[in-house]
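Here are my notes on the model you sent over.

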Amino acid sequence: KGSRFYKDHPRYSKLLLVAAVSGGGVLAYSKSNSTRHVTSDSESPKKRIVVLGTGWAATSCLKNLDLASYDVQVISPRNYFAFTPLLPSVTCGTVEARSIAEPIRNIIWRSGGFWEADCFKIDEKNKKVHCRPVQKSESKEKEEIIMGFDYLVVAVGAKSNTFNTPGVEENCHFLKEIEDALKIRRSVIDSFEKASLPNLSEEEMKKHLHFVVVGGGPTGVEFAAELHDFIKEDLSKLYPKVKDFVKITLLEAGDKILPMFDQRITDFAIEKFKRDGIDLKLGSMVVEVTNKAICTKERSSGEVSSVPYGMVVWSTGIGPRPLVREFMQQIGQANRRVLATDEWLRVQGSDCIYALGDCASINQRRIMEDIAVIFSKADKDKSGKLTVKQFQSVITDICERYPQVELYMKNKKLKGISDLLKDCEGKDNNIELDIEKFKLALSQVDSEAKTLPATGQVAAQQGLYLAKCFNHMQERQENPEGPPRIRGDGRHRFHPFRYKHLGQFAPLGGEQTAAQLPGDWVSIGHSSQWLWYSVYASKQVSWRTRTMVVSDWIRRFIFGRDSSRI
Ligand code: FAD
């Protein structure tokens, strides 16, 4: 509204201020050559928090933030939160796209503003972000929103990583957003319709119905399993003439799938895929994707082969978004993969910019220091020795704080420690063990254990932590003489962020799921599938989406999945 008013104004050609109040801020419009700038400065006495993103980290922060205490402005190209763990279900119509999306305005409706825009630059020095609106303006000029902030929360996630493999961007599907899932759903049906046309040779049918999934991580595995179920339970009944030509191939460059899971789960998944006829190729690296074929190189033999395909889904991990890459260059972190923050989630070297979720990683310089503290607490008499019981409790403590250590112990990367633990089993409680030995073994994982996994679970916990810090900060300012727990200044007035691993799931199709919960609890099968249903229903961001997701599951049980190509 403001921009149209401004355009009609007689003194349009020069800089002009139009007071268009939005969420307590003033919008100023200025024009330079072909770009129109919309500057939003706060005139509210409240401190302004600008949140970039509407994903797991941002939404968790917004849901828990005391919105009335701050001038909160949210900027994201997506005006909704998407429940990503159910994206593979959307690719096959098990769950509808709208069932997993919650409008962000439903979350910040009480106060706070939302701008549907893409942030392309963070100006740390002047405390401003530069953004481009997603909706194109009626005028031909480019429009730019410049927004000032007191605190900035960068929660823009990451993009799919292609490792610069030729042809991937042009010819493959990704599975990151709801739009991607919908495109895949259409493409699967397209392939079946194309293969059903008359006068096609067997070769052509096979090509159309060859579905390739690249990447054996949880997303690739779950999608392959979901696609298998869709074809077996629904499409093979509707397309009986072509069903025998269908093939699903899962390519993984490493030597195992689901590397972050317990070996028992990996083995079960491999066995299940074998039974289901999913062709799993380990050690197979994709070197190029053309519009007709996918070229792979075997890591062991170096043999290169090329196979025609109907559809390829690329799911090999994540890389930084251009905004984050540019910002990292600006602040001297150019050689990193993600933004480094301290344990209070502040971007290193900055006092007012926070980064969380997939775009950031906590630089846990202190992991070994932490471990040393845990050891010295246990070693009260400073003898350099621990009893078996003390040793076991130290390891439990470390694993709780750094879940990766637990994982490495299970995957035999930390063989030294695993062996020591095994040696201790059933031994006398008074046997003493050498501390230096454990420290040496733990230092093996020092560099690897630093990075938290890029999951919604981490992002959501970080969002909640940061919201609590902001709320606490406000409380302290309002009660300077208040209780001692909220006095003080500086970042150390908050305890550092600690991740609590609650477990993970890997749905493997056929109503079977693998669950790995804390405390070395592994369960695979139909019972875990019910646990999966209950956890994912309870984790929905609102009652609206919860009801829609559950009713989608019931609909699927009764009527099957919908195969219309809408
Ligand atoms: P995102 O959730 O990706 O959100 C990023 C936000 O930033 C989006 O709103 C985006 O629109 C916005 N944005 C992007 N660019 C800009 C910009 N320039 N300016 C402003 N805003 C911008 N994790 C689990 O814990 N469990 C699971 O089962 C699980 N399953 C998954 C399944 C799939 C298919 C996928 C893709 C991921 C899954 N994950 C799972 C991982 C999880 O989704 C991510 O770790 C999580 O989304 C990260 O949260 P985030 O807030 O950092 O980023």
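This is a predicted model: local features need pLDDT of at least 70, side-chain atom pairs count only at pLDDT 80 or more; totals for chains, interfaces and linings use all residues.

**Ligand shell, then the rest**

1. Helix α17 has the largest share, with 3 residues.

2. The shell counts 30 residues around the ligand. The closest are Thr54, Thr84, Asp118, Cys119 and Asp358. By class, 15 are nonpolar, 11 polar and 4 charged.

3. The side chain of Thr54 places an N or O atom 2.8 Å from an oxygen atom of the ligand. For Asp358, a polar backbone atom is 2.8 Å from a ligand oxygen atom. Trp56 also uses its backbone: an N or O atom there lies 3.1 Å from an oxygen atom of the ligand. Taken alone, the ligand exposes 990 Å², and the protein buries 89% of that.

4. Which residues have the most contacts inside the largest nonpolar core? They are Leu52, Ile122, Val129, Val154 and Phe470, in a core of 120 residues. In soluble globular proteins, nonpolar side chains tend to be buried together.

5. Ile122 deserves a look of its own. Beyond four places in sequence, Ile122 touches Leu52, Val129, Leu152, Val154, Leu323, Phe327 and Ile353, among others. The list also includes Lys128, Glu326 and Gln330.

6. Ile353 turns up again at Ser350. The side chain of Ser350 reaches the backbone nitrogen of Ile353 at 3.2 Å. Ser350 sits in the loop between β22 (339-341) and β23 (353-355). Is Ser350 buried or exposed? Its relative accessibility is 4%, so Ser350 counts as buried.

7. Two backbone angles to check. Most residues other than glycine have a negative phi. Asn164 is not a glycine, yet has a positive phi of about 55°. Leu258, also not a glycine, has a positive phi of about 45°.

8. Asn164 lies in the loop between β12 (159-160) and α5 (168-171). Asn164 counts as exposed because its relative accessibility is 74%. Leu258 is in the loop between β15 (247-252) and α9 (263-276). Leu258 counts as buried because its relative accessibility is 0%.

9. Leu280 belongs to strand β16 (residues 279-282). Leaving out neighbours within four places in sequence, Leu280 contacts Leu250, Ile257 and Ile270. Gly216 is 64 residues from Leu280 along the chain, and their C-alpha atoms are separated by 9.0 Å.

10. Last, the whole chain. The protein has 19 helices and 29 strands. Of its 566 residues, 51% count as buried. Among contacts with a separation of 6 or more, 64% join residues 24 or more positions apart.

How values were computed. Residues are numbered from 1 along each chain as its sequence is written. Side-chain values use heavy atoms; hydrogens and water are left out. A residue is near a molecule or strand if one of its heavy atoms lies within 4 Å of it. A polar contact is a pair of N or O atoms within 3.5 Å; within protein, one must be able to donate a hydrogen and the other to accept it, and residues adjacent in sequence count only if both atoms are side-chain atoms. Accessible areas come from the Shrake-Rupley method with a 1.4 Å probe; for residues, only the protein chains shown count as cover. Helices (H or I, at least four residues) and strands (E, at least two) are DSSP runs, numbered from the N terminus. Ala, Val, Leu, Ile, Met, Phe, Trp, Tyr, Cys and Pro count as nonpolar, Asp, Glu, Lys and Arg as charged, and the others, Gly among them, as polar. Buried means under 20% relative accessible area, exposed over 50%, partly exposed in between (1.4 Å probe, protein chains only). A nonpolar core is a set of buried Ala, Val, Leu, Ile, Met, Phe, Trp, Tyr and Cys residues joined through side-chain atoms within 4.5 Å. Contact means heavy atoms within 4.5 Å.
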